[in-house]
Amino acid sequence: MIKNADRIYYGGDYNPDQWDEATIDEDMRLFRKAGINLVTLPVFSWAKLEPSEGVYDFEWLDRLMDKFLENDIKVCLATPTTAQPAWLSKKYPQVLPVDKQGRKRTHGMRVFFCVNSPKYRERAAAIAEQMAKRYQNYPNLVLWHVANEYGTYCYCPTCQEKFRQWLKARYGTVENLNRQWHTCFWGRTVYDFDEIMLPTELNDDYRFNPTVNLDYMRFMTDSTIECFENEARVLRKYTPNVTIQTNISGHIEKLDQFKMTRHMDIAAWDNYPAPGADPSFVAFKHDLMRGLKNGESFMMQEQSPNQQNWQPFSKLKRPGEVRMLSYQAMAHGSDTCLFFQLRQSIAGQEMYHGAVISHAGHENTRTFRECAQLGMELQKIGDAFLGGRTPADTAILFDWDSWWALEYASKRCLPNDDFNYLKKVSRFYKAHYDRNLPVDLLSVEGDFTRYKVIYAPYLYIMKPGLPEKLKDFVEAGGTLVTTTLSGLADENSKAVFGEYPGALREISGIWVEESDPLTKEERNRMVMEGGFLKGAEYSCMYQCDIIHPRGAKVLANYGDDFYKGTPCFTVNDYGAGKVYYLGTEPDSAFLDDLAAALAADAGVRPPYRADAHVELARRINDRNDILFVLNHNKQEASLDLETDRFTDLITGKQVTGVTTISPNDVMVLKKL
Ligand code: GLA
Ligand code: ZN
């Protein structure tokens, strides 16, 4: 949670170092008019703040900070360390990264430094300290934003050396490393840590050891955490009461965000859905952000108030779309609504990126009007849902190690190369989203006991303790749903010895003898048996596990191929609970029916009944029980609030019973 927040922070990235005084004054007027109460800056101003090594120029920023104070605008102060000055790269070329192809890169990009470079870290900590010292008593400082969208992988000699040290700390001895990596395969035995190479392009084909890839991604997460901490430590020292975060890029695959956010006071991320994105996929990512810190609220640090410049077709956001996306973020746990950017730059890559204030420079634009309307609404809502949590009885396990092992590290090792973890996991989410069944995205290290139903799709990597945790959950009465490719590997991606599904063999009560990959076009059929969804038939894809029940009950058999009539979906009673095993990837109809059936079994219900594409989400804090209602339909829709009574915080109206909602409209209902 954001410490001491008394309002929804509304505003975003502002780059006033591009503007003259008169423009900035005009911006203050426009900000007030739009209800903007927070600016994030100066994300890219290192070169301006430190014109040469150790020589700082903060006066221009001081003047701005005074203006924000006068205008009652809060500040999210960014350390400008995402783009080091050209002089720094020139003087200390070791700060520049080496890419996967082994090429030393030249200056000119952003987020373009080696996270392990001691010189980069020294200079970054130095400017962070200057800022923290200077603004520690500035009354409107409410947030720190460290650097910007970390995620550069580096393959330089420093990283090479640090990787070896990291491995030494992890494995202790080369003998142990050889054992854990099973280096006797293909003669990979090493006798010294300095024989281990980074997974650069030369090594980047299927002949390279997948375990090294996996450990490299873990190492990069740890290195990035150190780089973040290098600054956060300094900020914490001067301003212990100011919330510290760094904005997570939408490309979340690069770093293990469960680990990253342990070091952040709040999870913060940048939401840039592709034009026309399925709302369930956007909600899925928000819920993942909410899951990072165990259900605590997060920040939407950026979204575009209109088009993005970097997509092949930078579609305009349709009227009302920004409002819908904003409320959706808040419905799923965001305590902020922030834009990139407040004023459109006049040059550079982002000159045609949407902004609250466009090149036209005035308020008579559709985007400004929509943002101002939203700003006014948020003022009415005040602090009503801040810190609110979303109750959920269902969780989906999300695991970066499994993601990396299946999608990146083991390319060409698996039977089927067509693997997209995020998409595949999100299909299980969507089945719940479409029914307004709240779901938590949960780390394998999270608390399983809070849930009635846990889905563990594609949970490939079995970290020590995880099989026991899953077993305890089921034994105590929980329902576990797992799938093909789960339970197979230990934390170093070695096969769990014996019959598949490895670590899940006992609780699933099955033996998977073989797995048959399907091409993109191929389908098999799931013919339901054994009572559950009886008589129905679904289509399935991706992969077909060939299963022998070992105590489990068969719920569906394959309809085609040489394994026709053998099980593809089973359930095993274990202790007081049940383990469902899906040996294939079913169509959406199956996932919908499964979600509905298991929720009904477990007594899990949506908050209220509503028409299709009416999204409902609750946030409860110690003051209020808030229900967000989002009508994604292009026509009026309805929902049944039963006998519960609410106030709509946007319109002030009382609502109860069967209620209609206009096309594309939103209600933020406070329960009375
Ligand atoms: C990212 C960055 C911003 C900006 C936006 C543009 O999220 O953090 O600085 O470049 O993209 O969409
Ligand atoms: Zn490096």
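**Reading pockets, cavities and sheets**

Trainee: Which element gives the largest share of the lining of the second largest pocket?

Mentor: That's β16, with three residues. Before we go on, keep in mind that this is a predicted model, where local features need pLDDT of at least 70, side-chain atom pairs count only at pLDDT 80 or more, and totals for chains, interfaces and linings use all residues. Residues are numbered from 1 along each chain as its sequence is written, chains are lettered from A and ligands numbered from 1 in the order in which they are written, and side-chain values use heavy atoms, with hydrogens and water left out.

Trainee: How do I read a pocket, and what volume does this one have?

Mentor: Rolling a probe the size of a water molecule over the atoms shows where empty space is left. On a 1 Å grid over the protein atoms alone, a cavity is a set of points where a 1.4 Å probe fits but cannot get out, while a pocket is an open set with protein on both sides within 12 Å along at least five of seven lines; lining residues have an atom within 4 Å of a point. Points join across faces, edges and corners, and a volume is the space filled by probe spheres set on them. Here, the second largest pocket comes to about 760 Å³. It has 34 lining residues, and Cys-413, Tyr-460, Ser-493, Lys-494 and Ala-495 are the closest to its centre.

Trainee: Which elements supply at least two residues of that lining?

Mentor: Look for α8 (210-238), β16 (510-517) and β18 (537-549). Helices (H or I, at least four residues) and strands (E, at least two) are DSSP runs, numbered from the N terminus. In the whole chain there are 17 helices and 28 strands. Ala, Val, Leu, Ile, Met, Phe, Trp, Tyr, Cys and Pro count as nonpolar, Asp, Glu, Lys and Arg as charged, and the others, Gly among them, as polar.

Trainee: Where does the second largest pocket lie relative to the domains?

Mentor: Domain bounds come from an automatic or database domain assignment. For this chain, the assignment gives domain 1 (157-213), domain 2 (394-602) and domain 3 (609-671). The pocket lies between domain 1 and domain 2, because both give residues to its lining. The C-alpha atoms of the chain fill a box of roughly 75 × 70 × 40 Å along the principal axes.

Trainee: How many cavities of 30 Å³ or more does the search find?

Mentor: Four, over the whole structure. The largest cavity has a volume of about 80 Å³. Its lining includes Glu-149, Tyr-150, Ile-248 and Met-260, and the elements giving two or more residues are β6 (247-248) and α9 (257-262). By class, that lining has four nonpolar, five polar and two charged residues.

Trainee: And what lines the second largest cavity?

Mentor: Among its lining residues are Asp-287, Arg-290, Asn-294, Asp-440 and Tyr-451. The volume of this second largest cavity is about 50 Å³. Both α10 (279-292) and β11 (439-442) supply at least two of the lining residues; the classes are three nonpolar, three polar and four charged. Check the backbone at Asn-294 too: its phi is near 55°, a positive value in a residue other than glycine. You'll find Asn-294 in the loop between α10 and β8.

Trainee: What order do the strands take in the open sheet of six strands?

Mentor: Two strands pair if DSSP finds at least two bridges between them. In this sheet the order is β5-β4-β3-β2-β1-β9, with parallel pairing. The edges are β5 (243-245) and β9 (336-339), each pairing on one side only. Zoom in on β1 (residues 9-13), which pairs with β9 in the parallel sense over four bridges; Tyr-10 stands opposite Cys-337 in β9.

Trainee: Why is one side of β6 left without a neighbour in its sheet?

Mentor: β6 belongs to an open sheet of three strands, ordered β6-β7-β8 with parallel pairing. β6 and β8 (299-302) stand at the edges with a single partner strand each, so one side of each has no neighbour in the sheet. β6 and β7 (residues 268-270) pair over two bridges, and Ile-248 has Trp-269 as its bridge partner in β7.

Trainee: Which residues does a cis peptide bond with omega of about -5° join?

Mentor: Leu-41 and Pro-42. Pro-42 sits in the loop between β2 (38-41) and α2 (46-49). The bond from Phe-340 to Gln-341 is also cis, with omega near 15°, and Gln-341 is in the loop between β9 and α12 (366-381).
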